[in-house]
Amino acid sequence: MARVVILLGPPGAGKGTQAVRLSRELGLPHVSTGDLFRENRAQGTPLGARVQEFMDSGRLVPDDLVLDMLFDRVSRPDCTGGYLLDGFPRTLPQADALERRLGTAAKVQAINLAVADTAIVDRLSGRRTCEKCGNIHHVKTAPPKSAGRCDKCGGELAQRTDDAPATVQKRLAVYHEQTEPLEQFYRSRGLLDEVDGGLSPDAVFQALKQVASRRRAS
Ligand code: AP5
Ligand code: MG
């Protein structure tokens with residue numbers, strides 16, 4: 001049976017950082033709706049143009065645009081055995097749509113990476129992302145070996161346009177209002193696990209591995 005693992009958590013919780021490692025560990029492709037939108041923007045597609053104003057103001061992209069793009073992505077052959085979702089679902093209608101699509105054909109696990117709001121601003125103001133490969137650094141907690149250059153590919157590191165402090169506050173408010181209710185959605189179905197995202201990146205990864213293997217065994 002296919003396996004679908006969902007990483008929930010506020011902006012800056014470490015979803016992207018951990019998804020890269022967990023995807024390798026579980027052998028599941030990493031599917032990030034935020035990365036897919038950013039790729040569309042970088043390539044200048046019509047979808048990229050439509051989502052720009054939502055992303056840059058810290059609001060969510062409308063559900064229909066997200067769902068079309070996501071379902072198209074997970075229809076590709078590499079997702080036949082399952083996938084690891086980062087940044088999706090983000091609203092109850094998105095969670096409903098995913099549930100309807102999967103039916104009983106997949107084993108679903110949602111893992112909530114809990115991080116206090118107070119830690120988020122520091123994490124996001126210090127984040128530097130590679131413009132070429134998307135690798136995530138942080139000026140203090142994950143600094144690059146060579147200033148301004150990605151450790152993985154040597155590409156240029158840049159700040160995300162939505163990491164300006166006012167936009168981060170908006171994204172946090174949107175998270176509490178529209179995405180946090182998904183914890184209850186998955187808890188009520190017995191599909192939710194919790195991990196303390198405030199620990200070091202390595203400790204978070206160990207905890208994620210543990211809950212992922214416990215679920216697989218159950
Ligand atoms: P998206 O790209 O998904 O952004 P997000 O959810 O706001 O999350 P981030 O990517 O900012 O944080 P993260 O949890 O991945 O943290 P990271 O690992 O980078 O979405 C962007 C926008 O796209 C949305 O606002 C919306 O407009 C749109 N969108 C996307 N999906 C959508 C959907 N489904 N529906 C509607 N709209 C959608 O880590 C952050 C920093 O912290 C890094 O610098 C990292 O090095 C550091 N760090 C990581 N872990 C730790 C740790 N344990 N300790 C210390 N520092 C750490
Ligand atoms: Mg991310």
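The model is predicted: local features need pLDDT of at least 70, side-chain atom pairs count only at pLDDT 80 or more, and totals for chains, interfaces and linings use all residues. Residues are numbered from 1 along each chain as its sequence is written, chains are lettered from A and ligands numbered from 1 in written order, and side-chain values use heavy atoms, without hydrogens and water.

**Ligand 1: the shell**
- Ligand 1 is surrounded by 35 residues (a heavy atom within 4 Å of the ligand).
- The closest are Thr17, Arg38, Arg59, Arg127 and Arg171.
- The shell has 13 nonpolar, 13 polar and nine charged residues. Ala, Val, Leu, Ile, Met, Phe, Trp, Tyr, Cys and Pro count as nonpolar, Asp, Glu, Lys and Arg as charged, and the others, Gly among them, as polar.
- At least two shell residues each come from helix H1 (15-26), H2, helix H6 (117-125) and strand S6 (136-138). Helices (H or I, at least four residues) and strands (E, at least two) are DSSP runs, numbered from the N terminus.
- H2 gives the largest share, four residues.

**Ligand 1: polar contacts** (N or O pairs within 3.5 Å)
- Arginine 127 places a polar side-chain atom 2.6 Å from a ligand oxygen atom.
- A polar backbone atom of lysine 15 lies 2.9 Å from an oxygen atom of the ligand.
- A polar backbone atom of glycine 87 lies 2.9 Å from a nitrogen atom of the ligand.
- Alone, ligand 1 exposes 1000 Å², and the protein buries 96% of that (Shrake-Rupley method, 1.4 Å probe).

**Helices H2 and H4**
- The axes of H2 (residues 33-43) and H4 (residues 63-74) come within 11 Å and cross at roughly 100°. Axes are lines fitted to C-alpha atoms over the stretch in contact, with angles from 0 to 180 degrees between N-to-C directions.
- H2 is therefore roughly perpendicular to H4 (65 to 115 degrees).
- Thr33, Leu36, Phe37 and Asn40 of H2 meet Val66, Met69, Leu70 and Arg73 of H4 (heavy atoms within 4.5 Å).
- This contact has five nonpolar, two polar and one charged residues.

**Cis peptide bond**
- The bond from phenylalanine 88 to proline 89 is cis, with omega near -5°.
- Most peptide bonds are trans.
- Proline 89 sits in the loop between strand S3 (82-86) and helix H5 (92-102).

Definitions and conventions: Angles under 35 degrees count as roughly parallel, over 145 as roughly antiparallel, 65 to 115 as roughly perpendicular and the rest as oblique. A polar contact is a pair of N or O atoms within 3.5 Å; within protein, one must be able to donate a hydrogen and the other to accept it, and residues adjacent in sequence count only if both atoms are side-chain atoms.
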